[in-house]
Amino acid sequence: MRIAVIFDLDGTLTRSEEGIWNCARHTCRVMGLPEPDADTLRQMIGPPLMWSFVTLMGMTEEKAKEALVVYRERFNRVGYLENRVYPGIRRLLRTLKKQGAWCAIATGKPQRPSERIAAHFGLDAFLDRIVGTTDDLSADKEQLIRAALPEDAASYDALWMVGDRCYDIEGGLRAGVRTLGALWGYGSREELQKAGAEVLAGTPQEAIDLLCPGVQPPCGQFVSMEGLDGSGKGTQLERLAEALDRFGFEVVRSREPGGGPISERIRELILSRENTGMTAECEALLYAASRAQHVRDTIRPVIESGKLLLCDRFVDSSIAYQGGGRGLGVQEVMDINRPAVDGLMPLVTVYLDIGHLEALGRRYQASEPDRLEMEPEAFHARVEAAYKELIARDPERFAVVDARGVREAIAAEVAEKVLKRLMEAERIS
Ligand code: TYD
């Protein structure tokens, strides 16, 4: 079954209101006009900007043209980044690509910004063509769809238009293709039905079921974050999850030790301050036991469902803390963990780089230390040294980020490095 699927952009692949609204507000401010109200802003999503400026905001043609220049300047500078890929869209596109489908965009937005949006969010990896408006191609959806179809369209088993507004469905029908109404966007069920949509999907997963029934999505991704206690891991995990979410990666968060009911019980046992008599061997085996359970009941199923598992620590922590800190040896701890990890390693591991003394200082200010954090300074120095050894052994996997600066700057660097690797991997697969 060979299919071609043409997607609308705004409201179908990406959720663009943040950028549109910020640019509209900015335009009014610059032009000395009152800020548009919520209702006006809502109506601006979808129709051409000139129409919005004239009809919704009451501008003259001349003023509207000036407004367009102001709007575009901000949009091209920052507005296009104030956008989000809908959850599940990456999975939909990856599944279609796995099937060998032709995928393209047909949007009423101008060509250049549409290409920039697709490139910024790494969606271009899945797209055979991006068609936006140009001097030669107006915002007429039928024409845009026709231009987005493959040259040998007649040889395909099915041609589809997927969009969230009546214009997409009507344009699709006029272009002679099948139509799927995307209910996650801006149009209502009534609007899409009235326009004549052949089928409706409530979620991108439902669209997968309609477009390529029975096809399993390709595997998702595995990302972990490591660092000494006090490296700011909690905050940075939060920020990374937000950034990945904006790019449409469906993030499921977990942690080690823990991550599931059985593993969490083991966590309590390991970290309890009462268990001062626990031997280093027992501790290492308990971490590995917790991991064996976690890999099988959480990590692997999430990845197999096509989502992204973001883990607070993984096997590197055992190698650093038990192998280095406790002195059990890097190789020995790797061996203990072989059956636990079961061949599964993160695609990217963020290492928040901070010296152990500075990290400990920060850690003690924050809250009561657990059993491991109560260890003397030399222990933490060995943990740090073991991490450095691991990074030197596997520089491809580690994304090392200096954790001493301003939180926002660290978060931006972490997100940039992780997204780069994830998108590279998508391009290869
Ligand atoms: P973490 O959850 O990061 O600590 P917190 O919730 O207090 O911020 O990790 C708990 C402790 O467990 C931490 O000191 C590191 C240690 N640890 C190991 O020693 N080996 C391991 O394999 C793992 C996963 C953690």
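I began with Ser318, where an N or O atom of the side chain lies 2.5 Å from an oxygen atom of the ligand, which I log as a polar contact (a pair of N or O atoms within 3.5 Å; within protein, one must be able to donate a hydrogen and the other to accept it, and residues adjacent in sequence count only if both atoms are side-chain atoms). I noted that the model is predicted, that local features need pLDDT of at least 70 and side-chain atom pairs pLDDT 80 or more, and that totals for chains, interfaces and linings use all residues. Residues are numbered from 1 along each chain as its sequence is written, and side-chain values use heavy atoms, with hydrogens and water left out.

I then found a side-chain N or O atom of Lys233 at 2.9 Å from a ligand oxygen, and one of Gln322 at 2.8 Å from a ligand nitrogen. The protein covers 87% of the 550 Å² of accessible area that the ligand has on its own (Shrake-Rupley method, 1.4 Å probe).

Next I asked which elements give two or more residues to the shell around the ligand. I listed α12 (261-271), α13 (280-304) and α14 (315-325), the helices being DSSP runs of H or I with at least four residues, numbered from the N terminus. Of these, α14 gives the most, with four residues.

By class, I recorded five nonpolar, three polar and eight charged residues in the shell, where Asp, Glu, Lys and Arg count as charged, Ala, Val, Leu, Ile, Met, Phe, Trp, Tyr, Cys and Pro as nonpolar, and the others, Gly among them, as polar.
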